[in-house]
Amino acid sequence: MSTTEEPHGPRDTEHRPEPVAPVLPAARGASAPPDAPGPAPASPVGRLAATVERLRREVRNAQAEAEGRALVEMAKGILVERLGCGPAQAARQLAELTAQARMTTLEFAVEVINQAARDRVAEVTDAFLAAAGGAVERDTAAVRLRAAESGVLAADDTQAVADSLLEHALRPLGAVAVAVWAAGADGSLTLVGSAGFSPADATRWRYVPPEVATVARRALTERAGQWLPSLSGTGLPTIGRHAHPDGGRVAVPAGTGGRIHGVLEIAWPEPLEPQPPQIVRQVDALAELCAHTLETYTLHRDAGHEPGILPPTAELMDLADGLHDPALVLVPHVDGSGQLVDFRIQHVNSRFLDPAGRPRAVVNGALLLEAYPMAAGKSELFQRVERVWATGEPFRARRMQLMSLVDQVPLSTVADISISRHGSSVLLLWRIEDETARLASLLQHAQRLGRIGGFEENLLTGEITWNDQLFHLYGREPAGSPVPLEELPQHAHSDDAVPLGRFLRTVLHQRRPASAAFRLQRPDGVTRHIRVVAEPVLDTDGRLFAVRGAYQDISAQHWTEVALAATRDQLAHTEQQATERNRLTLQLQHAIMPPTQAPLQVSGLEIAVRYRPAETEHLVGGDWYDTVVLPSGLVLLCVGDVAGHGIEAATSMVVLRNALRGLAVTGAGPGQLLSWLNIVAHHLTGAVTATAVCALYDQDRRVLRWARAGHLPPVLVRGPEAAPLPLIKGLLLGAVPDAVYEEAELELASGDTVLMYTDGLIERRDRSVEESLAHLLATARTAPRTLDQQLDRLLTYSKSDTDDDTCVVGTRVV
């Protein structure tokens, strides 16, 4: 730094004296200075309290003076190194430069440190300078952060770190409390420092077990800062929640080298407004300061007996060698800036077999992504390892495809995966499933479920092999004697002798595969319907020496066929009745709700309606709409959907539609109309439930009053934008005897379009309602010139796949 360079131009204010202690924003309030005279204590207790308060101020002033002196001495050291001068000359240079810059000694010392360090704190200060456009805010932030940094570096434990952060950096931001959490290897959280919270809270929250959802837990698992405007409504428990239930809360992960050592949590007494990026960067810088202290804490904790020593990797390697499953010991690999980029395979045990067939010596010592590039593919194995390393939370997975590791292994190769962190290393285990045993087990289960028994008979030696399922089909004990194939007619019904004789001749004499169905007479008197399938086994000379095959119990299939034959005529009659019933239902629905209808003529208002019946007649539903001008001059607009299909839904639809039209002439509002309609639906036979939207449009005021009963709200298209109206409260019709429905008003302008529709327009089996609604809004934004064209476009581009009726009512203000 040149001695003639001025970091900033001169200020208009007069030169200020050099304070030794830092002037922090928290100390710039309206309170009297420490030595200012106050009212005389009225009692001995008051005098004692005043003495205690005076001593506290003196201690705080002494601490601030020490921290400020440390920053000034650091700036002098920088000048000694940059200017090549002695300490005395550096002190004179610092005083001269401070006077030229019209700053306090502490503020200028922080400026020198920032320009020399170019670290995270300096970046935060530069961000404030760019945003604020002035030096006061920049100086305030710089002094505050450097004072906090000095306090953290001088702190001998994490509790002192929490005290320093709250006092120097967070109280000026309006925060009232801070908690420093250390992350355990199992994903747990330990409170290692707190300030501003009561001792009872600190004791109660000293440990949070793994998988317990808290504010700090969310920051740990998501590995991102959590800025909650208010704790109310989040449902997340955390330290000090009862003291400030509506206060804001921030939790930021504190980590280095890709590993999260803990979480910094900050509490505000009132709801927290959205903060500018400069404040977010300040908090991130403070979390980075915490990370260095937490790293030392975790080193001591993980060492167990000697502070500063990590659990030896050799012990983890010995543990891996003692396992019966393939194991890899991974250590983090960071780049020059300290960022995690990969994991090095430190050790593979003797059980390890590379899926690609490479020797262990080739894999041992290699980087994980170099040895297994597919680990970063669809299975996200690398991301799993990275997450375990960062948070300490172990990961387990059943039947993961090993294709995710390398592309040379068969697709059917699967394994059970286990990943856990141990000190500074990660242990990765996988257990490849025995495919042969799995297929044998599947075959056994398939035979049991299909009631199939297998056999093999050697015709030369007379040896017969049956499996357990075949003994069970024959009603014999597994220790009994199998039945030779030639004796099969003796165990069958006499009427089945002909097909069984044909079966045996085909297999034994013609030496061709064959099958036959017969009735097996079991020793216990039970008759089972069996199908036998057999094939001859020939030797190299073409001579028959064995027969193998299977028996299958088809009794259930036989009786099902009998039942189907007995009811075929009845089903045909029922189908004819159902067809006639659906035809009448469809006629009734089209009589009340024609697919095309002449538009309603209203001055200053354009109304269009589209009704699309279900594609299949047997799904005739209960969708309905109505548009009518009431005697009061108001326009009634409504759509609804009765649950279910068929004649019951159609007749219920007619009742509700006509009831609403009759009730509307009373002049009641939409909320009251839905309340009355709910009573009608509740007392209909069959416990009818339905959804509906009811609206009344006032042409003179251009105001739309509306209410909803469990239905999707209307969509407002205004210019190039389309958005749903607010989701006001309203229970579906018929659910309870009495219900109250909330109303909302919307003032419309010329050109505005309101769309009311039933769920048949957007409902899909493979997509959420939110995604379907987003597609509808995107389609509605590109509105054609006429309302009819807009409704036709909505029906054309609808992606609904539920084969349900669809009603759309469009209203445009002219």
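Start by selecting Asp496, which counts as buried because its relative accessibility is 9%, where buried means under 20% relative accessible area, exposed over 50% and partly exposed in between, with a 1.4 Å probe and protein chains only as cover. The model is a predicted one, in which local features need pLDDT of at least 70 and side-chain atom pairs count only at pLDDT 80 or more, while totals for chains, interfaces and linings use all residues. Residues are numbered from 1 along each chain as its sequence is written, and side-chain values use heavy atoms, with hydrogens and water left out.

Asp496 sits in the loop that joins α15 (468-474) to α16 (497-508); helices (H or I, at least four residues) and strands (E, at least two) are DSSP runs numbered from the N terminus.

Next, display the open sheet of 6 strands, whose order is β3-β2-β1-β6-β5-β4 with antiparallel pairing; two strands pair if DSSP finds at least two bridges between them. At its edges stand β3 (207-208) and β4 (226-228), each with a single partner strand, so one side of each has no neighbour in the sheet. Strand β4 pairs with β5 (residues 249-256) in the antiparallel sense over 3 bridges, and Gln226 is found opposite Ala251 in β5. Then bring in helix α6 (residues 158-170), which packs on the sheet and touches β1 (177-183), β2 (189-195) and β6 (259-267), its direction making about 50 degrees with that of β2; axes are lines fitted to C-alpha atoms, for helices over the stretch in contact, and angles run from 0 to 180 degrees between N-to-C directions.

Finally, move to helix α21 (residues 787-796) and select its buried residues, Leu787, Gln790, Leu791, Leu794 and Leu795. Seen down the axis of α21, these buried residues fall within an arc of 135 degrees, so they line one face of the helix, the arc being that of the directions from the helix axis to the C-beta atoms. Their cover includes β18 (605-612), β23 (715-718), β26 (753-757), α20 (769-781) and β27 (806-813).

Zooming out, the chain has 21 helices and 27 strands, and buried residues make up 43% of its 814 residues.

Notes. Contact means heavy atoms within 4.5 Å.
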